[in-house]
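Here's a quick tour for anyone meeting this structure for the first time. Have a look at the sequence and the model, then read on.

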Amino acid sequence: HSGVRRPDLIKPYMPPPAVHQDDIPPDYPALVSLLSGLCGLLLKNKIASWIGVFACAASLARIKKSELDLKQITAAATFAIMGLVMNYGQYGRRGQNEAYFG
C-alpha cells in the first residue's frame, strides 16, 4: 500500500497573495526601539538608550524584504544611537564649552 496515491487530495500550488503596505503587521521591536531611544535621549537614561539599540538590532534581524520600511528603521536607529551619544558624550573637566567622548 505504500505506492497508493489519492489524486482527489492533490491540490495545485497557489502562491500567497501579495500583501498591501497597510496590511503588514506592526514591527514591535522597531516600535520599542523608537520609544526607548526617544526616552533615553530626552530623559538621559542610559538603560533606555541601550534597550533601544538592542531592540533596533532585533528589528533589523527579523525584518523581511516585503516588510522593509526604511523610514521607520532609520528613525529608530537614529534615536537609539543619539541617545547613547547624548548619554556618554558629556561635558568634562576641561571646561564647560568643550565636549569630549570618553
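M82 sits in helix α3, which covers residues 70-88; helices here are DSSP runs of H or I with at least four residues, strands are runs of E with at least two, and both are numbered from the N terminus. Before going further, note that this is a predicted model, where local features need pLDDT of at least 70, side-chain atom pairs count only at pLDDT 80 or more, and totals for chains, interfaces and linings use all residues. Residues are numbered from 1 along each chain as its sequence is written, and side-chain values use heavy atoms, with hydrogens and water left out.

M82 counts as partly exposed because its relative accessibility is 37% (buried means under 20% relative accessible area, exposed over 50%, partly exposed in between, with a 1.4 Å probe and protein chains only). Together with I81, V85 and M86, M82 makes a nonpolar surface patch of about 310 Å². Patch members have over 30% relative accessible area and no salt bridge; nonpolar side chains (Val, Leu, Ile, Met, Phe, Trp, Tyr) are joined within 5 Å, and like charges within 9 Å.

## The chain as a whole

Of its 102 residues, 19% count as buried. The chain exposes about 8500 Å², with carbon and sulfur atoms supplying 64% of that area; accessible areas come from the Shrake-Rupley method with a 1.4 Å probe, and for residues only the protein chains shown count as cover.

Among contacts in the chain with a separation of 6 or more, 54% are between residues 24 or more positions apart (contact means heavy atoms within 4.5 Å).

## Around S36

Is S36 buried or exposed? S36 counts as buried because its relative accessibility is 11%. This serine belongs to helix α1, residues 28-43.

Apart from its neighbours within four places in sequence, S36 is in contact with A48, S49, I51 and G52.

## One salt bridge

How many salt bridges does a search of the whole structure find? The search finds 1, and R6 and D8 form it, with their closest N and O atoms 3.6 Å apart. A salt bridge here is a side-chain nitrogen of Lys or Arg within 4 Å of a carboxyl oxygen of Asp or Glu.

D8 counts as exposed because its relative accessibility is 56%. R6 counts as exposed too, at 51% relative accessibility.
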